[in-house]
Amino acid sequence: MCGIVCAVAKVNVVPILLEGLLRLEYRGYDSAGLVVANQNLHRLRTTGRVAELGKLVDEQKAQGLAGIAHTRWATHGAPSERNAHPHFSGEISKIAVVHNGIIENHEVLRRRLQDAGFEFISDTDTEVIAHLIAFNHHQIHDLLEAVCASVAELQGAYAIAVIEEARPERIIVARNGAPLILGLGKEGNYAASDASALLQVTKKMIYLEEGDVAELVCDSYRIFNGLNGKLGKEAIRIVHESNLTAEAIDLGPYTHFMQKEIFEQPDAVANTLEMVFNASSISPRLFGNEAETIFSQTDSILILACGTSYHAGLVARYWLETVAGLPCNVEIASEYRYRDPVANPNTLVVGISQSGETADTLAALNYAKSLGHRHSLAICNVAESALIRQTELRFLTRAGPEIGVASTKAFTTQLATLLLLTVTLAKMRKRLSREREYEMITALRHLPAALQLALQVEPQVKIWAKKFAQKRHALFLGRGVHYPIAMEGALKLKEISYIHAEAYAAGELKHGPLALVDSDIPVVAIAPNDILLEKLKSNLQEVHARGGELYVFADADSLIQQSEGVHIIRLAEHAGLLSPILHTIPLQLLAYHVALQKGTDVDKPRNLAKAVTVE
Ligand code: G6P
């Protein structure tokens with residue numbers, strides 16, 4: 001969601017800005033723009049893709065040694081060229097601003113600035129920042145100090161980059177609540193929303209902290225913490241060597257990132273569980289140095305998450321209650337943050353997020369703390385994310401960068417982690433014999449191979465996908481721990497194929513959705529050979545009897561027969577606790593192949609963003 005790239009270098013920065021924006025496309029956007037400094041500030045904007053912006057660059061021969069660029073995902077104001085970033089302020093001494101985040105007090109500031117004579121051209125909250133900086137610049141004269149004074153007046157979340165016509169050889173950036181990193185290169189200095197945009201020029205990165213304001217020139221940089229509106233002393237920040245490789249963010253032999261990421265799952269899970277594979281017993285220290293003490297005080301779990309990560313939490317509830325005997329609540333972060341829940345200091349609050357940037361999850365976690373929850377754990381795929389820095393305990397899923405907007409390998413690695421958490425807590429609560437612990441470690445070791453096997457159903461799924469592509473609606477059914485897997489299957493299908501898909505706990509069929517069933521609506525059922533199989537089979541009979549077409553993902557040992565109107569794809573034999581992880585794979589493949597049939601933009605579905613950094 002919104003991407004920022006900026007560069008100040010010895011060479012023409014326009015190709016760097018464009019390549020950086022391409023790398024950030026996955027975050028989701030609906031317009032793109034850049035400003036490059038060359039005698040004056042040359043601005044190009046489009047409501048098309050970054051490739052369109054590239055064409056404008058060629059046509060207008062835009063070039064220069066410093067520039068700021070942006071992909072915008074519309075929040076305030078429609079996705080139009082007028083609202084696309086960068087935004088300008090000032091006629092005589094022009095400044096340009098790009099912004100990621102939402103300024104909550106933009107209306108108050110807008111009125112104040114209009115009273116001071118500033119004319120607004122766009123409907124965005126970002127233009128307020130541009131005029132506010134210009135206003136302060138009038139009084140303070142130095143752009144760095146003016147930015148510092150301005151951000152102190154902003155409420156909400158922001159990462160910004162600013163350049164001025166009068167001194168175009170430097171860029172000022174600032175962040176609070178939205179991600180921004182600096183890249184230090186041989187030929188210049190850079191900043192971007194995430195590392196993938198900068199790997200083209202450097203691996204040396206600095207993760208800016210909340211409230212940081214930085215000045216970038218070609219051969220040096222300075223960082224200040226400007227939370228109180230004054231520059232104060234220079235701040236020291238650690239320079240990290242990024243371990244991301246260019247291959248990790250390249251497509252390789254695949255057609256889409258989602259396809260690549262589906263097939264990477266055996267490796268992603270193996271990397272995530274590596275420490276367990278090499279151990280003979282499970283240690284709470286995998287979750288942090290304090291984990292043993294905190295887990296021993298934990299009497300319940302509260303999981304906060306959004307989207308696919310929320311579904312991972314729903315699966316974990318079944319595991320935590322059954323295996324570890326711990327009461328568990330799972331809440332949609334955007335709802336939790338506005339309720340008045342009753343806090344329990346001995347509840348462990350678990351935030352799950354692939355990006356670690358989701359605004360609602362971060363806010364919900366902070367809210368939970370403010371209510372009196374003492375202990376928190378982050379399960380996240382991004383080491384330097386805000387979420388990881390916000391919790392006492394943390395577990396990094398090692399899925400590698402996930403570029404496809406529809407989450408796949410992040411989900412299965414979250415599930416693997418949550419199963420590990422369950423087993424760890426069960427062991428500490430003396431609910432796991434030594435033999436059972438050993439069995440669990442063996443099962444987890446087998447998981448990558450089992451995932452590999454599950455991927456082999458792809459040719460059969462492709463045949464189903466052709467039929468689904470003709471449909472406008474689909475129902476997904478599951479029971480028990482596979483009900484959240486049905487929810488995830490429905491979410492995948494709607495996200496990338498735009499087919500309306502709803503998931504139901506199969507026992508709820510008769511309470512409404514059965515009315516939808518006719519021969520035109522495909523009904524997908526997840527039917528593992530578990531204790532609920534017989535119950536599920538009765539529910540499927542109810543669908544079949546009403547002429548519904550059933551598409552059943554069963555286990556090799558689930559006793560369900562193929563017949564007229566009942567299509568079956570079988571995975572391997574029932575995998576016990578691992579079953580929901582394995583049953584996820586065919587559902588991801590189904591969504592992917594339906595989207596391929598429909599010709600949608602698989603990796604960048606319309607209206608969606610990968611990292612939802614605004615509320
Ligand atoms: C967006 C993404 C989803 C993701 C959700 C939560 O909607 O498109 O794939 O599940 O955000 O993201 P998080 O990074 O917190 O897991």
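The model is a predicted one.

**Aromatic pairs**

- The structure contains eight aromatic pairs.
- One of them joins Phe-118 and Phe-135 edge-to-face, with 6.4 Å from centre to centre and 70 degrees between the planes.
- This pair links distant parts of the chain, 17 residues apart: Phe-118 is in the loop between helix H3 (106–115) and helix H4 (126–140), and Phe-135 is in helix H4 itself.
- Phe-118 counts as buried because its relative accessibility is 15%, under the 20% limit.
- The rings of Phe-468 and Tyr-551 also form an edge-to-face pair, because their planes are at 70 degrees, and their centres are 4.8 Å apart.
- Phe-468 belongs to helix H16 (residues 458–468) and Tyr-551 to strand E23 (residues 549–554), so this pair ties together parts that are 83 residues apart in sequence.
- Phe-468 is buried at a relative accessible area of 1%, and Tyr-551 is buried at 3%.
- Phe-468 and Tyr-551 belong to one aromatic cluster with Trp-464 and Phe-553.

**Charges over rings**

- Lys-94 lies over the face of Phe-88, 4.5 Å from the ring centre.
- Arg-606 lies over the face of Tyr-498, 3.9 Å from the ring centre.

**Ligand surroundings**

- There are 13 residues around the ligand, of which Ser-309, Ser-353, Gln-354, Ser-355 and Thr-358 come nearest.
- Ser-309 places a polar side-chain atom 2.6 Å from an oxygen atom of the ligand.
- For Ser-355, an N or O atom of the side chain is 2.6 Å from a ligand oxygen atom.

**Helix H10**

- Helix H10 (residues 307–322) has 16 residues, which should span 22 Å at 1.5 Å a residue; the end C-alpha atoms are 24 Å apart, in agreement.

**Helix H14**

- From first C-alpha to last, H14 reaches 29 Å, close to the 28 Å expected at 1.5 Å a residue.
- Lys-430 follows H14 and has a positive phi, near 60 degrees.

**Tyr-338**

- Tyr-338 is located in the loop between helix H11 (333–336) and strand E17 (347–353).
- Tyr-338 has a relative accessible area of 53% and so counts as exposed, the limit being 50%.
- The side chains of Tyr-338 and Arg-337 are joined by a polar contact of 3.2 Å.
- Ala-363 is 25 residues from Tyr-338 along the chain, and their C-alpha atoms are separated by 10.0 Å.

Note on methods:
Residues numbered from 1 in each chain as written. Predicted model: local features only at pLDDT ≥ 70, side-chain atom pairs only at ≥ 80, totals over all residues. Heavy atoms only, no water. Helix = DSSP H or I, 4+ residues; strand = E, 2+ residues; numbered from the N terminus. Buried < 20%, exposed > 50% of the residue type's maximum accessible area, 1.4 Å probe, protein only. Polar contact = N/O pair within 3.5 Å; in protein donor to acceptor, adjacent residues only side chain to side chain. Expected span 1.5 Å × (residues − 1). Phe/Tyr/Trp six-rings, centres within 6.5 Å; stacked < 30°, edge-to-face > 60°. Lys NZ or Arg CZ within 6 Å of the ring centre and 35° of its normal. Near = heavy atom within 4 Å.
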